Every structure is written in structure tokens, then in C-alpha cells.
Amino acid sequence: MTWAFARDGGLPASRIFAKVHPTLELPLNSLLLTNACVVIFGCIFLGSSSAFNAIISASVVALGVSYALPIAINCLRGRRMLGQRPFVLPEAFAWFANLLGIAYVIVTTVLFLFPPELPVTGSNMNYCIVAFAIVLIISTFQWFVDGRKNFKGPQVDAEVLQVDSNNMTNVRGADDGEKIA
């Protein structure tokens, strides 16, 4: 994911992390960045379990929020954002599923903000909201400094995504009748 995000211009120094090693044929710089982050988080765990728990909780909260935002935007726009697609839920069930998903994210987000044990002290408090706020501030700053100029989003080949109504037959490369797995 680091390489894909860098390829699309979403990281600082994206040119460095988007390179694929010519001999190994893998994104070595992105792998090294990912490994460096893992080592740093491991050192944080050795230093403070509260800080590590805050980072892990913030990661779970951010993941949930990243799932809920597109669903919420789609619901706020009356579920009219999605175009033609091969599979469509019945309208009432689709609304139910979307609202249930948003409610689930809200509940789990609140639960991940609770302290892990009682009574709450400075050393066992859940600092998830602080870690989440720091990531949000850094991400916002990065967007205004670099991201809005360089981030292009995933490059999509429209021909590859075209499907016909006969069980999603690949338009561009499949033999007659061959299905996409």
C-alpha cells in the first residue's frame, strides 16, 4: 500500500518511494520505509505501552472512519452517487446496511476511546484521541503543503473496468465467454 500511495503522489518524497528496484523488481524503498515504521513502533512499545496502545487504537479508529466516510457521503447524497453496476441491493435493505455500517463505526469508535482499565490514571489513560488528532493535523498539513498539488489518485483504465451484463465478462482481454474470477 505504501508503494501504491507513493505511486499516486500521496506521500512526501513520493518519487523516492514509488521507484521499483530494477534488479529485484520490487518497491525496495517502500519496503524499507514500512520496515522502519515497524521498528519505530516497536521501540515505542518498549518505551511506553500506553503510547503504543494509543497508536494502535488510533489506527483502528482511523480505519473505521475511513470506511464510514464514503458510506455517510453516499447516504447524505440520497444514495445517488453510485452509477450502473452489476449488483444492486434492494433500496430499503441498502439503506439499512449503510446506516448499520455507520452506526457500527460510531459505536466502535466510542469504545476505542475508553480507557483500558479503572481507575483511570495518567499512566493507564487511553490517549487514542491525542494520537488520532496528531495524525489528523499532520495529514492536513501535508495535504496543503504537498498533497493537493501532487496527489492524483489511483490511475484507472476505464476499458478494463467496463463490464457487460453477462456475469462480468472481461471486455478487453478475455476469450469469448471467459469470466473474471
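How much space lies in the second largest pocket?

Reply: About 790 Å³ of space lies in the second largest pocket, the volume being the space filled by probe spheres set on grid points that are joined across faces, edges and corners. A pocket here is an open set of points on a 1 Å grid over the protein atoms alone, where a 1.4 Å probe fits and protein lies on both sides within 12 Å along at least five of seven lines, and its lining residues have an atom within 4 Å of a point. The model is predicted, so local features need a pLDDT of at least 70 and side-chain atom pairs a pLDDT of 80 or more, while totals for chains, interfaces and linings use all residues. Residues are numbered from 1 along each chain as its sequence is written, and side-chain values use heavy atoms, with hydrogens and water left out.

The lining of the second largest pocket comprises 19 residues, and those nearest its centre are Ala58, Ser59, Ala62, Val135 and Ser139. Helices α3, α4 and α6 each give two or more residues to this lining, and α4 supplies the largest share, 10 residues. Helices in this account are DSSP runs of H or I with at least four residues, strands are runs of E with at least two, and both are numbered from the N terminus. By class, the lining of the second largest pocket has 16 nonpolar residues, 3 polar ones and no charged ones, where Ala, Val, Leu, Ile, Met, Phe, Trp, Tyr, Cys and Pro count as nonpolar, Asp, Glu, Lys and Arg as charged, and the others, Gly among them, as polar.

Ser139 is also among the residues nearest the centre of the largest pocket, together with Thr2, Phe5, Gly10 and Leu11. That pocket holds about 1000 Å³ and is lined by 16 residues, divided into 10 nonpolar, 6 polar and no charged. Helices α1 (2-7), α3 (28-47) and α6 each supply at least two residues of the lining of the largest pocket, and α6 gives the most, with 5 residues.

Buried means under 20% relative accessible area, exposed over 50%, and partly exposed in between, with a 1.4 Å probe and protein chains only. Leaving out residues up to four places away in sequence, Ala54 touches Asn126, Tyr127, Cys128 and Ala131, a contact being heavy atoms within 4.5 Å.

As for the chain around these parts, there are 7 helices and 0 strands, and 18% of the 181 residues count as buried. The chain averages a pLDDT of 82, with 86% of the residues scoring at least 70; pLDDT is the predictor's confidence in each residue, from 0 to 100. Over residues 169-181 the pLDDT is below 50, although this stretch has 18 contacts in the model beyond near neighbours in sequence. Where pLDDT is low, the predicted coordinates should not be read in detail.
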